[in-house]
Every structure is written in structure tokens, then in C-alpha cells.
Amino acid sequence: MSDRFATMKQEILDGIEKHAASRAEAFELRKQFLDSKIGKISQMMKEMKNIAPEERAGFGKGVNELKEWAQQRFAELDEKMKARELKMRYEKEKIDVTMPAVEESCGNLHPITQMRNQIIDVFAGMGFEVFENREIENDYYNFTALNTPKDHPARDMQDTFYLSPEFLLATQTSAAQIHTMENKKPPIKILCPGKVFRSDDDATHSPMFHQMEGLVVDEKITLCDLKGMLDVFVQKIYGEGTTTRLRPSYFPFTEPSVEVDVSCFECGGKGCKLCKGTGWIEILGAGIVNKKVLENCGIDSEKYSGLAFGIGLERATMLKYGINNIKLLFESDLRVLKQINDN
Amino acid sequence: MLVPLSWLKEYVDINITPQELEKKLFSCGFEVEELYEVGKEISNVVVGYVEECEPIPETHLHVCQVNAGAHGTFQVCCGADNVVKGGKFPVALVGATVYMTAKDHKTVEGTMTIKKGKLRGYESEGMLCSGVELGVSENMYPGAGYNGLLVLSEDAEIGADVKPILGLDDWIFDVSITANRPDCQSILGLAREVAAVLNQPLKAPSLEYTETEMEKEGFRVTVDAPDLCPRYIGHYVYDVKIGESPLWMKRRLALVGQDSISNIVDITNYVMLEMGQPMHAFDCNYLEGNEIKVRRAGEGEKIVTLDSQEYSLTSNNLVICDGIKPVALAGVMGGLNSEIRDTTAAVMFESAKFARDNIRKTSRGLGKRTDASARYEKDVDEYATVHAMKRALHLVEELGCGKVSGTHVDVNTGNSVEPREMKVSLRKVNDVLGIEVPEQDVLRIMKNLNFAPAINGDELTLQVPAYREDMDSYPDVAEEVIRMYGYEHVEPAFMPAALVTMGGMNEKQKKELHLKKALCSAGAFECIHYSFFSPSDLDLLRLPEEAPERNTIRILNPINEELSLMRTTLAASMLNAIARNQKKGNLEGRLFELGKKFIPKELPLNDYPDERDTLCIGVFGEKESFFTLKGLAEKVAETLYLKFDYETGEKTFLHPYQTATIFCQGVEIGYLGKVAYEVAEQLDLRTSAYLLEIDMKTVSERKADKATFVPLSRFPEESRDLALVMNKEITCGQVEDVIRKSCNNIKGIRLFDVYEGEQIPRDKKSMAFKVDFVPGEEAFEADSVDKFVKKILKNLKFHLDIDLRS
């Protein structure tokens, strides 16, 4: 009798050895022995009634042991098969990780908008509100109120597009200063981004470009505050360690007026191609608000003083990202727009 | 403005290098755009004395023994026809650099280095030079223009460097002068600043002259347009001898690019460059009526200027006339009729001040810019007007080219600017700067700038020179002080006394940025296009004559026709952007612009026009369709907490059957659609393009939902798929509308299939919708949803004759 059990065991082991290449085959094999109806071990169980009664207990025990043993073998086999199949599945899914990525279709803000937002972030933290002015201005706000009367030679500094004798395309965002000061009393801290227009069209000039005007009006505002504020600004935009240099200039609406140079962020001031060997890059115009401008807006120039600055966004953007032609900013070439993602 | 260092040195001692001076000028407000050495390319050229000079047989050459003093004596072969024994010529030693000329010996073709050579078997160590080879013109050195050797004077020291002799050891500063400093538009004006910044005295040029008793009887000057001519000074000079100017004057003129013409004309140019006051000299022989009259030109009145150009004038132009006719276009150029000739025997010098705006208008209007008009446009101070005349008369005497009569006519129309006193508070000056400038420094600086300062307590008293018309109050003084004291003294501070303010963007600005970012996240790239466009863009859009978009604001002085109209739609710029991309091989992409369109209230403008914020989206490529763009429209709606509705629409530049008008709360806000084939063809588009435009101003006036939370239903939701058969004309929107109105428990309706074909009647189509039902306060009963569906089907049948597909 025990021979039969041994033979069956051997048969199972042989089957596992030879006929169980997959989980499906293993399942079939299991069925051959353990299926409750057709399985060979189940069949043996059914022989019980033919067994001599005195041998029944021993036989039953033997079959049960065999069944348990077989179940264990098949469970082991199943584990083994599972592991093997998982491994095969993984192997089949092997990829070449150096193949190109699937493109993530996310767009970008325009480089000018990106720069504009970065600047707004810096100044918003200092308490500046954002005020956007119209693109079409009248002569008073664009020139006269900014201390540039009709016969003033400074009008030549900006070739103006006229729409009528009175209306024109804003040549500077400074008109926003006047609108603000007419409607708001100090303390004033505003930032005015906007489109401006000048009749100039070449490799470095575009007839439309963007400026960001800043204005502070409060008590005891000085050139030192202008310097301090712009130092913080350039450090945030162009990196720690960047400094500014003020030098005299002229704008009708500020007195004193300064050009502000930033230490070259490419070479750190040693002199390179970007700064043309000078270590400095011209970045914006600024000054103490001309007291005539304050007075034109009904602000007491004895009590209050102000500072103003105007940043050319194209220039700032081109410098920051190394864009070499202003025209690229207005051509909407996707090859350009895709590159600048400092959003 | 070009400023030769040698000329500057006449008025102020300069003991620093040109590079150091450049830095000084920069720090006090005068940017040097370019600094260059006149004889930069020339080196190792010395005075050579030709001791022997023998012709080389059968050639035009001579072999010479040239004594170069301490440098030695060299054998040099020379082909010039004026080489002669005993002559002194510039000799370029071996290793010297000079200009290389073409075969004509005149055209410069770069530079060359002199090497030892052999000509026809003769050793040659060096080269005798012409004026051209040294970059010296006739005006820099007499005889330098000769096509042969430059002959040096007999007293030239043998072996000495020729650069100082020829004026090549000079530097030219190209200085940019800001608009507030017209007084610095001259060598003397800049010298004043240099003297101040170097703490050196200014050596003013001589204004001395002696008037003779001679008078021009009855001569009159009248100014009929005092508003355009505040000051006119005329002086009569007789016994004029027209001839060449002396070398020093010719050389200075040459260094700043001014040709020498004749002594009298040169004097007028020299004085303008030196003092900033344009001057003119009329030949008295051609002045009729013994008078000068300054008046507005008559309409259509003609003048021929010195350069033989004829101009037809208007009453906006100011002319200088004699008793009969115009003899000069005031402030711009003299008339040909009274120009200085070789025969001129008497002249009337003019030194005048004209209104800057008028000269600018005349100059612009006639397209005629001259050195004189450029200076007048920026303003000429009266200090210069008076002094320039004296200086010119002094030079007439110095050059011996005429006699100064006693006829001096000075018409001052009462607008003259005189030196004035100004008192400012020192504290206020320092308050502008934010630093305390020591009193002695303020005194030193203002003294150097000729303000004769005095301090009494807090009060600074200044005597403002007449040429400083820009000085008005304490901020001007602050600027003078700090630009000389040095901006490096300005210490960074951070508004210690200022009040705290709230910063950041307002709601509208935040919403705009949010919208832009949402579009970026949908794969779209932001564009910025010009606010102006072309009349041809309106044609591209096939807009009819009466289309509102054709009611544009025109720029009176556009750069060109392409940039002449303010945009009334953003569509054309977007189409052009798509076309540009396709030309560069970008065949698919998504672009958007948030810009303005300009709607005039009336034309011509006499009020601000309506500047309407507008969103334009353009998508193109094989992956795009009407519905991908509609997806972006829905994204816009969702971002703004609004709902958009779409109806079949039409646009002249869009596909007749793939265009929708967009509504929001019943108000039309824009359109979207496929770009029409004829437009696509005109732009050479290679893939389909779709365009959307939304008037954000109108959208912003709609009442938006708020971001609110709808509680989740505690009970399970259910959905049903309904395949419906209907007439082909019925739209998805119509079906959705009926379904929605049939039941209050509908959460969502989504079309998921459209079918036309054999399985349904030929004149019908099938649309399949997924309808989601959400329970209210109580859970659905077993048959609730079936009841809803039944009602929906009943309504569909009743309103649209729609059946459930069997």
C-alpha cells in the first residue's frame, strides 16, 4: 500500500518536474491529482469502501497525508510559478530609458510677462501696488504734467506716435504717476507696468516695448532710499552680490536724475563681453521726483518727496535670458517661447 | 559732440590721461560714447632729412640716404616725384605702422608695418610718407593733400616724432550732452565742467576787439516776430579780405569733421563749436535796403539755401530778410543769395537766439538738420549770444581779415535771461540726497561751477550764471552738488521714515494672471503682438466696408503703413503669428494673447478711446479641431467661474459651418471657429488653424459664480446611456437643453457617440448621451431613475421628435 503512495508521490514530483512550465500547466497538473472529482488522490479516497475495514484507518490516514503532501507541493509550485511569471512579465516590459520622453504639453507665459511677474513679486513685498495705465494717452499726462512742456527739447528724446493733436501712444509709463497722484494721497507706492511706443525700429529698438515704472511718495524720501531699494531689486532679479551704481543723467520728471548701472552678473564686474569690458550694465533710469511734478498733481512738495524709476522690460528680459534680438520677443516663434520657462 | 583734447586744453589745464578724464566726465554726467586717438594707427614715424637723393636709372624711383637723427641714417627707396635732396619728410622706420594705400595713392586700404626691403636691387630700410599714408589732410597740415611726399617745414627737428607736428598726438572725445545742458553743447561749455571737476581755473578765450569809427549809415534791424526771436545781434565788418584760415583754426575744424571754407565762414563755424552759438555772416553787397528784418515767412515764399536747395515756406517758418527778400532760413541755414564769396568786401555777422520749438518744427518740416538747428533745438543761452559776437569780432581782428565797424545792432525783445541770485536751504539740499555733504565741499563745488556761493546759517546764496537757465530750485542744486561730490557717497537706505503700505496685484490683475496660467497649463504659449496693425490685415480678415473693425484709429505718423492702425481685433496678429510659425516649420502649437483692442468713441479722437481687454487664442496642427479649441474656451469659462453657451455663428474669415458665437449669460462675448480655407491659403498655412476671440471687458461685467462647496450626496448616484435617433439638423445643444429641463436631478449630460449609417434610417442620425442623476434629500427609489428617463424621452419626442434607438 505504501508503495502506491510512494509511486503517486513520485508521479507528482515527476509531473512537477516535467509538465509544469507555466501556472496554467501547474493548475492542470494539480487538477490531475487533487480535483475533487477527477483527481487521482480523490479517486483513491473513493476506493476506501473497497478496502478491508481493518486497513481502512491506515489507508485513510495515508491518503490524507498524501493529499496534504501534494497540496503543499502544488502550493510551493504555484509560488514558484508566480514568481517566475512576474519575473518574465517584468523582463518583457524592459525599456530603453534613454529613449525620448513623451512631451508634456504645458505652455509658458511670455518672457516679458515672466520678467514682469518677477519684478512685481519683489516690489509687492515692499508694499507696492500694481497699477496699469492705458496705452493711448493725451499730451498733458504723457508730457506736460511730467514737466515736459510743448517746446521742451526732451520731447525729442522720445519720438512720439500721434493719433491726433491731443492724443498719442504713451511714450513712457510715467503718465501713470500723474494718474495715481491725482487720485491718491501719500503714502504712495506703485508699480506701473505697461506697453509704450516710440517711432524707432531696428535691431535694438521696437516701436512697441514694455516699461515698468515705480513711484514712491512719502515724507523724507531721498536718493539713499532709491539706492537701497534698487540694490534689493537687482539682488532678487540678478542674484545675491549684485550691486548698483548711480550716475548723473537727465529726465524732465526727476531732479536729480540718474542712470542706474548694475554690476555685471555674468563676470561679477571683472569685465566681459556682456558688459563690454566695463563691469557694469545700464539697466534703468531713476531719480527724485521733480517737485514740479508733485505740484502739478496737487501734492505738497514741502512736506512730501518721492522717488521714481523706470525699467525697460525687454532689456531686463534679454539680459537675464541672453536673448540677442528684441524682435524675437514679438514674433511668437514657438521655438523661442518654449525656451523661457521661468514661469 | 566731438571734443578734441587739444582744444579743451586751451581753456583748462588737464594733467590726467584721456582715459582718466573720460571717467571724470562720466561721473559728473557726461557720457563719453567714444574716445579715440587721432593718430592711433601711426607709430615710429619721425622727421627725416634727405642727405642724398639719386635717381635709379630707367625707373621713377630715387634712392635716398635719410638722416633720422638719433634713430640713425637709412637708405630708403622712394617713388614720389617731390623727393629732393635737402628736404625734410616724414620717414617711417622699420617696424613703423602707417596706412596702406591703393594704387591711386589716395584710397586707404588698412594699415601696414614697414619692413626691410629691396627695390630694383637697392636695399630700402623705411619709407618716406605722404599725407594720406599718415592720415593727415590738407586742413591738418598744409601740403598734406599733395599726391606725393608730405613736406615738413625746414625748422622741423630731425629725428623728432612727427605726430605732434602733424596734430596726430590728439584724442577725440565723443560726448553725449543731456537735454538739460544746452550750455555744454560747445567746447568751452564742456571745458567749464572739466575745470570744475578737475578743480582748475577756466581760461576764457579773449573777447577783446577794437571798433573803428566807421559806421554803416542808416542800417536797421527789426524783429517782427519777437516770440520766435528773443534776441538778435548784428555787427558790420568792412575791409574784408577773404582768404584761408590759419593752420590752428583749420586743424581744429578738421578734428571735429568741419571743412575749412574761408576765413570769414570758418570764424562763424569756429565760434559755434567753441561757444555753442550758431553764427552767420551775410555778404553786405547782396543785402538790399540796408536792413535786416526777422519775420515769419509768407505762405509759399521761396528760399534757396547755401546748399542750392529750394524750399517753399509757410508762416510757421522764420526767415531773416533784407529790405526785399529772405536771405536766411533762421536758425537752420543761410541763403545762397547772400553767401560769402571770394569777392566779399563787407559782412554782417549775426548772433541770435531763436525759439527752440520753432527751429525744431522748421527743421523737421523741411527735413533739414544742420549743426546750427541741432543747437537751437536744444536751446542756446543768451550768455553765448552776446559773447559769441564779441568772440567772432575778436577773431576777425586776430586773423586780420577785416575791420570791426562801430555799427552794432542789438535787438532785445525783453525776454533776455540775466544772471540772477538764488537762495536755497542747505538742509533741503541734503534732504534730497539723504546724506550730509560738508559745507566746505558744497562751497568748493558751487564755486568751481561759477555760482559764487555764500553760506549763512542754513541759507546757501548762489549767483546763477546766465548760461544755467536750467537752475531753478534746491533739487537742481542737490544734483549739481552730488554729481561733483560723487554718487558713490550715496549710501543705501530703506525708507526709514515711510509709512507701511499694502502691496500686490488687485483682483483683476490676479484673475488675468490666473487665466494666463490656466491656458499655459493647457499647453498654450503666451504671445505679445504690436498694438497696431496694417490695413491689409483688415483685408486678410475679409471684413466688409461697413464692418465695425474697420472703424480704426490711425496713427498720424506711422513708421510704415503696416503699423499704421490701432487694432480693433487681435485675430489678424494671431493669424500672422501662426503663419510665421508654419513658415519656420512649427506645424502645430497653441498660442494666446491677452491684449487690447481700441474702439474710438469718435474720429478724429477727442476723447480717450475704449481700450478693451481681449483674449485671442490660436491653435493649429493635425491634433487640433474645433472641439479642442472649444475645450480651451471651456477652460476659460471654468477659470472665471462662468458658463459659456455656443450657437452656430459666422465670421468672414472663418469656416461657414465650423464657427460658433460664444455667449455668456445671454450676452455675446466672442467667437471661435476654423480658419477659412481661402484665408489659410493666402497665409500658406499647411495645417488647419482655429481661432477664438473673447471680449474680456464684456466677460468681466458678467456676474461670476463663487468658488463654493456643494455637499456630496449621501446616496449613490446613477447614470443611464440614452441612444437617440433624430433628424440630422437637430443639434447636441438642443437635445441637452430638453434633457436638462426634463428633470431636476440631472447632474451631468455628456454626448459620447454620434452615428449615421446603415443601422438607422438614411435621413436620421443617432446621438448617444450619458446622463448622470444625483439624488436629493432622499435616496432614489428602485424605479425613480426609470421614471426620469421616461419623462425625458417623452419630452424629446414631443419637442424634437426624437426616438430611443431600438
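Me: Helices (H or I, at least four residues) and strands (E, at least two) are DSSP runs, numbered from the N terminus. With that in hand, where is A:Lys220 found?

Reply: A:Lys220 sits in the loop between S5 and H8 of chain A. A word on the source: this is a predicted model, in which local features need pLDDT of at least 70 and side-chain atom pairs count only at pLDDT 80 or more, while totals for chains, interfaces and linings use all residues. Residues are numbered from 1 along each chain as its sequence is written, with chains lettered from A and ligands numbered from 1 in the order in which they are written.

Me: Why is A:Lys220 called partly exposed?

Reply: A residue is buried with 20 or more other C-beta atoms (placed from the backbone) within 10 Å of its own, exposed with 12 or fewer, and partly exposed in between. A:Lys220 has 14, so it is partly exposed.

Me: What makes the phi of A:Lys220 worth a look?

Reply: Phi is near 60 degrees, a positive value in a residue other than glycine. Most residues other than glycine have a negative phi.

Me: How do you know that the bond between A:Pro186 and A:Pro187 is cis?

Reply: Its omega is about 5 degrees. A:Pro187 lies in the loop between helix H7 (175-183) and S4 of chain A.

Me: What makes a residue of chain A count as in contact with chain B?

Reply: Two residues are in contact if their C-beta atoms, placed from the backbone, lie within 7 Å. By that test, 72 residues of chain A are in contact with 78 residues of chain B. H8(A) gives the largest share of chain A's side, seven residues.
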